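Subject: Structure handover and what was found in it

Dear colleague,

I am passing on the structure we spoke about, with the sequence alongside it. Please look it over first; my notes follow below.

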Amino acid sequence: MNNLTKTLVFSATGVSALLATSCASEKKEAPKQYNIVYIMTDDHTAQMMSCYDNRFVETPNLDRIAKDGVKFTNSFVANSLSGPSRACMLTGKHSHTNGFTDNTHCKFDGSQQTMPKLLQKAGYETALIGKWHLESTPTGFSYWEIIPGQGDYYNPDFIKMNNERVQEKGYLTNIITDKSIDWMENKRDKNKPFCILIHHKACHRNWLPETKYLSLYEDKTFALPDNFYDDYEGRKAAQTQEMEIGKHMDIIYDTKMYNKNVNSRLKKQFEKFVGRMNEEERKAYDAVYDPIIADFYKKNPQGKDLVEFKYQRYMRDYAKVLKSLDDNVGRVLDYLEEKGLMDNTLVVYTSDQGFYMGEHGWFDKRFMYEESMHTPLVMHLPKDFKARGEISEMVQNIDYAPTFVDLAGAEIPADIQGVSLLPLLKGEKPATWRKSLYYHFHEYPAEHSVKRHYGVRTERYKLIHFYNDIDEWELYDLQEDPKEMHNLFGQKGYEKITEELKAELVKLQKQYNDPAIKETLK
């Protein structure tokens, strides 16, 4: 072999070795891992978020997320109740599967597989700050600080990882943000990707505002929804609920018309909540509400005047609480921008469910009707993801867990019932995307007296079955009747669509292995 031949052989060998090494390194190279900032509020409904509906309020910071990212127009929950909704999000499974079906009788089994545990296995730092509401101790988090139960808006208590309970000074929404930013800046391992769950109490009942916003919206009169005076004809379950603004909203606890000589069912709880204010805060609070209270008892409104007074108080206080929330979402976005984290971070904003802002004359949630089953969902995407604007595919809160696991480059366990939203975030339009959603509300008898029910929602129709101590079906054409005022079940001409929807319902109950299928097949 001459020198030239040797050189060619050695060169070829070297190139082969380099190629082999390169290929091996490519095979072993870990997928890119993105940070996840998941902001979830409580009872924040799409009607009160201006990128969805600008009739009532402006939410400029929440709208920032939608403007530079995506807005899901068909985002829903699997069970419109705080604790169960959180369990669905954490596990990617429906309530009957994850075991946390209602707030009254359940304690979350923290030993089960959850999204934060799967992220930890994928190398993530995980944190939870704020509302937990699952009764058990959080698991799967590198760091957590939670509020006990529903928490307090004013000078709230926090439970730390060592189980120490500490009272903090200030307004809860601000404090949760302070702690979240502090964790991202000072407490996490900056060599690892991170996922932080920022869970707010806002906008939960009884809507106690930050003192600097006490006077906000006091000059605004909110329009009544068209169906505010719904008579619930043809809807037996709706006739027996206890969540009407007129009948069931507490004059002291909810509308703040405190009078030491007037009693109400929730008066003592109200006294406890406002009793957490310091002297300066209480002085500011009384300066705004005392004149309103005096005028209310002087005029002594009755009938429709009283009902509509309650509605205005509700809307104004809710909007005030929301204003602080929007400010604090802006603070998180500003922090991420300042630290150069936005390009590599998925920012998710949603709520644990929707809420009634006077529709059907109601406050609260629970029902499978649109206002409470639907929830806002907007996302800022890492720069590698190309989707922008509205995403119309039907998504559900059981989809968050597989999405985050998929984003981390980890394998999604086969027992997760949700589906990853990554294809949608990449701008794809999967032909096989789901065409229907399953919903199941379990908590009855309980507060607000909403009957147990389950159902199926398609793009156009919704079929609901109320069961347990009742056996009633409801069918709605969402295209012709988006406010769900006319129950079409059993009416002539709807036999075929009813049969098709029942078949779809059975298919979903089998798919998700819900024992309630026996109620459908009776």
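Which residues in the largest nonpolar core touch the most other members? In this predicted model, they are Val37, Met48, Met184, Ile196, Tyr314, Leu336 and Tyr349, out of the 75 residues that make up that core. Helix H11, which spans residues 303–338, supplies the largest share of this core, namely 15 residues. Apart from it lies another core, of 47 residues, which includes Trp144, Leu197, Ala387 and Ala408.

On confidence, the chain has an average pLDDT of 94, and 94% of the residues score at least 70. The exception to keep in view is the stretch of residues 1–28, where pLDDT stays under 50 and for which the model has 2 contacts beyond four places in sequence.

The largest pocket has a volume of about 640 Å³, and of the 34 residues that line it, Gln150, His204, Tyr253, Gln269 and Glu447 are the closest to its centre. By class, this lining divides into 15 charged, 10 polar and 9 nonpolar residues, and helix H9 (residues 267–274) gives the most to it, with 3 residues. The second largest pocket has a volume of about 530 Å³; its lining consists of 22 residues, with Gln47, Asp53, Arg55, Glu370 and Glu371 lying nearest its centre, and it divides into 8 nonpolar, 6 polar and 8 charged residues.

Two of the residues closest to the centre of the largest pocket, Tyr253 and Glu447, are also touched by Arg205, whose other contacts, not counting residues up to four places away in sequence, are Asp43, His248, Asp254, Leu266, Phe363 and His448. Arg205 sits in the loop between strand S8 (194–199) and helix H7 (236–239), and it counts as buried because its relative accessible area is 9%, under the 20% cut-off.

Is Glu484 buried or exposed? With a relative accessible area of 0%, Glu484 is buried.

Helix H13 (residues 400–407) is largely enclosed by the rest of the structure, because 7 of its 8 residues are buried; these are Tyr400, Ala401, Pro402, Thr403, Phe404, Val405 and Leu407. Just after H13, Gly409 takes a positive phi of about 80°.

Two further loop residues complete these notes. Thr114, in the loop between helix H4 (95–98) and helix H5 (115–121), is buried at a relative accessible area of 3%, and its contacts, leaving aside neighbours within four places in sequence, are Leu90, Thr91 and Phe108. Ser392, in the loop between strand S11 (389–391) and strand S12 (395–396), counts as partly exposed at 43% relative accessibility; not counting residues up to four places away in sequence, it touches Thr73, Asn74 and Lys429. Ser392 and Asp231 are 161 residues apart in sequence, and their C-alpha atoms are 32 Å apart in space.

With best wishes

Terms used: Residues are numbered from 1 along each chain as its sequence is written. This is a predicted model: local features need pLDDT of at least 70, side-chain atom pairs count only at pLDDT 80 or more; totals for chains, interfaces and linings use all residues. Side-chain values use heavy atoms; hydrogens and water are left out. On a 1 Å grid over the protein atoms alone, a cavity is a set of points where a 1.4 Å probe fits but cannot get out, and a pocket is an open set with protein on both sides within 12 Å along at least five of seven lines; lining residues have an atom within 4 Å of a point. Grid points are joined across faces, edges and corners, and a volume is the space filled by probe spheres set on the points. Helices (H or I, at least four residues) and strands (E, at least two) are DSSP runs, numbered from the N terminus. Ala, Val, Leu, Ile, Met, Phe, Trp, Tyr, Cys and Pro count as nonpolar, Asp, Glu, Lys and Arg as charged, and the others, Gly among them, as polar. Buried means under 20% relative accessible area, exposed over 50%, partly exposed in between (1.4 Å probe, protein chains only). A nonpolar core is a set of buried Ala, Val, Leu, Ile, Met, Phe, Trp, Tyr and Cys residues joined through side-chain atoms within 4.5 Å. Contact means heavy atoms within 4.5 Å. pLDDT is the predictor's confidence in each residue, from 0 to 100.
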